[in-house]
Amino acid sequence: MTYRIGVIGLGQRIAHVLAAMKEVGWDLEVVAHVDPAPVGAPILDVAGISPGRACTDPAELLRRGPFDLLMLGAPNHLHFEHLMLALESGAPIFAEKPIVRTQDETWALARRLGAAESPPVYVGLVMRSLPIVRDVLDRVTRGELGEIVSIDATEHLPPEHGGYLARNWRRRQAWGGSYFLDKVVHDFDIFGCLVGARPARVASFGGRRIFTAERRDPPRTWEDGSAAYALRDAGWAGANDAFQSDMDVTDHQVAMVEYANDVRLSFHANSHTALTERRWYVAGTEGTLIADLVRNRLMVRRALFRGKPDKVEYGGVTADAHNGADQAMALDLLAALQGRAAFPVTPFESLEAGLTVMAIDEAMEARQVVDCAPMWARYDAARSGAADPVAEQGL
Ligand SMILES: NC(=O)c1ccc[n+]([C@@H]2O[C@H](COP(=O)([O-])OP(=O)(O)OC[C@H]3O[C@@H](n4cnc5c(N)ncnc54)[C@H](O)[C@@H]3O)[C@@H](O)[C@H]2O)c1
């Protein structure tokens with residue numbers, strides 16, 4: 001069958017996902033899209049996919065249904081609104097992460113998803129589809145490392161990527177949420193699976209010390225004289241200059257998490273580094289593993305073993321650092337729609353990963369350790385349709 005697709009937010013991301021879907025063999029037609037200035041149009045063009053009819057708003061798009069799949073890829077502040085509309089249409093939904101941007105949106109969406117029959121919602125937490133990540137989850141679930149004790153993780157971006165974040169809509173909390181919410185919600189989703197418990201307490205420190213107007217004459221050229229911080233058009237609501245924008249999210253941040261089962265985790269992220277890294281160091285009672293997500297390789301060894309560690313190379317390293325994840329997710333999406341396999345992540349898991357990151361940001365803002373119990377109580381109440389415990393207390 002040819003999948004009839006409607007797109008709300010035809011940016012770079014949805015265009016790349018559509019291209020990956022076509023690449024792995026989907027038979028698809030983008031029937032219509034809504035986007036005031038589709039940043040993803042040139043990517044679709046290269047992939048030989050027509051963007052379909054341009055609609056003025058989601059209501060017009062939905063009238064042009066029925067669709068076999070609605071794909072939502074607008075900036076993060078629009079996710080909730082678009083999801084609520086899409087849910088009413090009854091069509092299966094592919095929604096980009098973070099599923100929503102704020103705690104209030106989380107309660108409302110959890111309440112909606114918990115209460116009524118909903119079409120399937122597949123969230124683009126694309127790392128779930130990566131073979132290396134599947135292998136890590138499988139090894140940990142099978143108990144290869146024993147009980148997980150502690151985790152140390154990083155994500156360090158190259159300067160051009162950080163400069164793009166400082167110019168793109170992600171630079172503003174009102175649009176992106178936060179640096180962590182937009183960039184590392186993927187990682188905290190996987191940590192939740194590895195640990196098998198929710199965060200009990202979180203702490204975090206972060207700020208802006210790289211992309212600020214206060215820095216005097218930051219270098220702006222590479223060693224060969226070419227202009228730095230010029231990667232890609234900054235797109236929707238973009239700013240011209242990475243150092244002179246109205247950015248209000250962090251450009252580096254650290255976090256510590258204590259999970260309810262006493263697993264402890266530290267995380268370090270920096271958006272302007274010369275040695276890029278996305279690495280998870282997972283230490284268990286009986287073994288340790290290091291997942292190198294940039295180089296797509298894994299190292300693992302039993303604790304009481306003096307021989308060489310096992311090394312697994314997954315290959316397929318790509319310049320965008322996605323390392324084939326989009327193609328793998330495109331296959332997972334097709335399998336889910338055809339009822340052959342469950343999609344690797346549920347909307348509720350996506351909401352929980354988002355809440356974890358929001359609690360971390362709250363701790364950073366307050367400069368205090370945040371007790372997550374009240375947050376989970378509100379979430380569980382919303383999900384089960386019970387009264388909001390905070391509203392009940394008249395707070
Ligand atoms: N899963 C991943 O690995 C991954 C990677 C990149 C981005 N994303 C997510 O995808 C989403 C889009 O990111 P992007 O990088 O494509 O951004 P982008 O800036 O390239 O695209 C956003 C698009 O939304 C459009 N838009 C703005 N207002 C709109 C509205 N009212 N209605 C419809 N469209 C509107 C813009 O014109 C633009 O074309 C974000 O939620 C982001 O977090 C996910």
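1. The centres of domain 1 and domain 2, taken over C-alpha atoms, lie 25 Å apart. Domain 1 covers 3–127 and domain 2 covers 129–321 + 344–379; these bounds come from an automatic or database domain assignment. The model is predicted: local features need pLDDT of at least 70, side-chain atom pairs count only at pLDDT 80 or more, and totals for chains, interfaces and linings use all residues. Residue numbers start from 1 along each chain as its sequence is written.

2. The contact between the domains involves 22 residues of domain 1 and 25 residues of domain 2, two residues being in contact if their C-beta atoms, placed from the backbone, lie within 7 Å. On the side of domain 1 that touches domain 2, α5 (103–115) and β6 (121–123) each supply at least two residues. The largest share of that side, six residues, belongs to α5. Helices (H or I, at least four residues) and strands (E, at least two) are DSSP runs numbered from the N terminus.

3. By class, the side of domain 1 that touches domain 2 has 15 nonpolar, five polar and two charged residues. Here Ala, Val, Leu, Ile, Met, Phe, Trp, Tyr, Cys and Pro count as nonpolar, Asp, Glu, Lys and Arg as charged, and the others, Gly among them, as polar.

4. How does α5 pack against α12? The axes of α5 and helix α12 (residues 347–366) come within 11 Å and cross at roughly 165 degrees, which makes α5 roughly antiparallel to α12. Axes are lines fitted to C-alpha atoms, for helices over the stretch in contact, and angles run from 0 to 180 degrees between N-to-C directions. Angles under 35 degrees count as roughly parallel, over 145 as roughly antiparallel, 65 to 115 as roughly perpendicular and the rest as oblique. The crossing of α5 and α12 is left-handed; a crossing is left-handed if the near helix is turned anticlockwise from the far one by less than a right angle, and right-handed if clockwise.

5. On the α5 side, the contact with α12 is made by Q103, T106, L109, A110 and L113. From α12 come P347, L351, G354, L355 and M358. Seven of the residues in this contact are nonpolar and three are polar, with no charged residues.

6. α5 also packs against helix α13 (residues 373–384), at an angle of about 30 degrees and with the axes 6 Å apart. The two helices, α5 and α13, are therefore roughly parallel to each other. α5 passes α13 in a right-handed crossing. T106, W107, A110, R111 and G114 of α5 meet R378, Y379, A382, R383 and S384 of α13. This contact of α5 with α13 has four nonpolar, three polar and three charged residues.

7. A further helix pair is α1 (residues 12–23) with α11 (residues 325–337), whose axes come within 8 Å and cross at roughly 70 degrees. α1 and α11 are therefore roughly perpendicular to each other. Their crossing is right-handed. H16, V17, A20, M21 and E23 of α1 make the contact with D326, Q327 and A330 of α11. By class, the contact of α1 with α11 has four nonpolar, two polar and two charged residues.

8. The ligand is surrounded by 26 residues, the closest being G11, Q12, R13, E96 and W236; a residue is near a molecule or strand if its C-beta atom, placed from the backbone, lies within 6 Å of it. The shell around the ligand has 13 nonpolar, eight polar and five charged residues. Domain 1 and domain 2 each give at least three residues to this shell.

9. Most residues other than glycine have a negative phi, and most peptide bonds are trans. The peptide bond from G65 to P66 is cis, with omega near 0 degrees, and P66 is in the loop between α3 (58–63) and β4 (69–72). The bond from K97 to P98 is also a cis peptide bond, with omega near -15 degrees; P98 sits in the loop between β5 (93–95) and α5.

10. Y229 is a residue other than glycine with a positive phi, near 60 degrees. Y229 is located in the loop between β8 (199–207) and β9 (252–259).
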